[in-house]
Amino acid sequence: MKIIRHLTPAGPAWAALQPDGTARAIAGDILADFRVTDAVVVPGKRLAPLQPANLLCIGLNYRKHAAESKSEPPAHPVLFIKNTASVQHPGDPIEIPQKLASTRVDYECELAVVIGRRCKNATKANALDFVLGYTCANDVSARDWQRDGGGGQWCQGKSFDTFCPLGPVLVTKDEIPNPNDLRIKTVLNGEVMQDWTTSDMIFDVPALIEFLSASKTLLPGTVILTGTPHGVGFARKPPVWLKVGDTVSVDIEKIGSLTNPVINEPV
């Protein structure tokens, strides 16, 4: 099932896209009990598929990206957290920070995993049982704040408003039986910058869920960003940074394309 969240006169609502291109209203909460109704709806403005309970992110999780970062493959998943207020909707702009100014804003295409029910101490064997579905994410990163902002502030450099576009749909896990067999890429102004496969993850999706849920609880609505493949802007020669007027898309096989323009933060 492909689930969208959209704006209605009554507020945000979910709907299920149908094979014929129509959409049917969803009753209930996708993180609890819900059902697809017979009511056909005309979707309003497309929103991020959900407002995450938490945004847990994994760094250096693709072999070739670790290599281009001149880092050894980690022994355990490298965890950092993004501010949940950094979520941005499909089609809405990524804002280059002006108050805490950044001149090195980077793109990162990522597969996002949405946890659908309370999860603690999962095993690799049952980890996918806790997954509701998958969506596209762009882990936008201010590399100057991430690397040089004092103490290596990964969370600071990745938590600015609009720095986590999500969407355009949430695809339920039944349509993606193997999340580590998907083509993933970033397209910047029509040029392919990243183009690889989720099979290159050092820690696959079940291993990440096992690790992240060990001795701690993943709440329903937790979104896990699973890392980015090689080809990021900072590793290019010369580096490529997002700038005003750019358009950046994250494309993931079986999910779709998440596209956002780039502007300066209004101040």
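Mentor: Leaving aside residues up to four places away in sequence, G256 touches C136, P168, V250 and D251, where contact means heavy atoms within 4.5 Å. This is a predicted model, in which local features need pLDDT of at least 70 and side-chain atom pairs count only at pLDDT 80 or more, while totals for chains, interfaces and linings use all residues. Residues are numbered from 1 along each chain as its sequence is written, and side-chain values use heavy atoms, with hydrogens and water left out.

G256 belongs to strand β21, which covers residues 256–264; strands here are DSSP runs of E with at least two residues, numbered from the N terminus. Because its relative accessibility is 28%, G256 counts as partly exposed, a class lying between buried (under 20% relative accessible area) and exposed (over 50%), with a 1.4 Å probe and protein chains only. The C-alpha atom of G256 is 8.3 Å from that of G167, although the two residues are 89 apart along the chain.

Turning to strand pairing, which requires that DSSP finds at least two bridges between two strands, β16 (residues 183–188) pairs with β20 (residues 247–252) in the antiparallel sense over 5 bridges, and V187 stands opposite S249 in β20. β16 also pairs with β17 (residues 191–197), again antiparallel, over 6 bridges, with R183 opposite T197 in β17. These two strands, β16 and β17, form a hairpin with 2 residues between them, and N189 in the turn has a positive phi of about 50°.

How values were computed. Helices (H or I, at least four residues) and strands (E, at least two) are DSSP runs, numbered from the N terminus.
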